[in-house]
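I opened a new structure today and kept notes as I went. Here is what I looked up.

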Amino acid sequence: MTTTSEPGHGRSDPGLSAIISERRQLTNLAYRLLGSLTDAEDVVQETYARWYAMSPRQQEDIESPGAWLTTVASRICLDLLCSARLRRERYVGEWIPEPLPDRAEWISGRSAGFADPADRVTLDESVSMAFLVVLDALTPAERVAFVLHDVFRYPFADVAAIVGRTPAACRQLASSARRRLRAPRPDPASSARRAEVVRAFKRAWEAKDIDALIGLLTPDATATGDGGGLVTAAPHPVEGAEQVARFFVDRPTSAAGVTLLECTVNGQPGLVARLDGVTVSVMAFDITGGRIEHVWAVLNPDKLRSWATG
């Protein structure tokens, strides 16, 4: 969005820099609420459009423009989340959040005309693929209440104004989400250990070593692919260590011209598959107890636009 000279008022806006400075915060919020950078940017665009649709007097009457922008963006996200369930019923295959590259991978392969996703979304635990997938299982109201309060530290009184419920009800929504997100589970592996496991998975996959793959997976491991109906992906999650291992052994790697590279996906160690220098798949992993519990593979090209050619 271009905002250096917003149309409509024909005047110098001394508060313009303060308004524009909220853009990154809004994008961070919207991505965590929606799991899609594309949708998040659309939300931010619409939020600013509504701000500049107001008269100068209306803008001046707003005590905290940042709070106003956050409220509007959150309400747009809530509406989108409520309609997303209907859209995803028509989605071919499994739906996985849009993966984000690390700054290093983006700079090394960036394409002209795109902005760096790392400049817009802070990569921390609240955007890990495992976290976003669980968030996606919450109700829209639970997700908004939890993200606003627990991630961005908004008081429940402010959350209530956004969600349209009482502060007590929003506290209950966040508490319900918290219980589902923080169910007892093994301690997560260190970042270095996760990288070692992903590297071992890559080597075993390239070698088509099914026993090694099974040894890297938890007994109840699952693999989920999101092709969006455009490219080949398993229509349903593959479950069980042996089944997941056999699934990957049957998938083409370097022998078919596909190159596997280690990378960072949403702040965690992952893999990217490239064919003739073009990214065709991005894989994220959930690793606990030194083994892989979940593999998420995004093949939908609409979700790989942030991953430039190599």
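My entries below cover a helix, some aromatic rings and a strand.

**Entry 1: helix α9.** I kept in mind that this is a predicted model. I began with α9, which spans residues 156–163. Which of its residues are buried? I found F156, V159, A160, I162 and V163. I then looked down the axis of α9: the buried residues fall within an arc of 165 degrees, so they line one face of the helix. Just past α9 I noted G164, with a positive phi of about 80 degrees.

**Entry 2: aromatic rings.** I searched the whole structure for aromatic pairs and got 7. I picked out F131 and F146. Where do the two residues sit? F131 is in helix α7 (residues 129–135) and F146 in helix α8 (residues 140–151), 15 residues apart, so I logged the pair as linking distant parts of the chain. I checked the cover on F146 too: its relative accessible area is 1%, under the 20% cut-off, so F146 is buried. I also listed one aromatic cluster, formed by F201, W205, F247, F248 and F285.

**Entry 3: strand β1.** I moved to β1, residues 217–226, and found 8 of its 10 residues buried. What does β1 pair with? Strand β6 (residues 291–298) runs parallel to β1, joined by 6 bridges. There, A223 stands opposite V295. Strand β2 (residues 238–239) pairs with β1 in the antiparallel sense, over 2 bridges. Here T222 stands opposite E239.

Conventions: Residues numbered from 1 in each chain as written. Predicted model: local features only at pLDDT ≥ 70, side-chain atom pairs only at ≥ 80, totals over all residues. Heavy atoms only, no water. Buried < 20%, exposed > 50% of the residue type's maximum accessible area, 1.4 Å probe, protein only. Helix = DSSP H or I, 4+ residues; strand = E, 2+ residues; numbered from the N terminus. Arc of directions from axis to C-beta. Phe/Tyr/Trp six-rings, centres within 6.5 Å; stacked < 30°, edge-to-face > 60°. Pairing = 2+ DSSP bridges.
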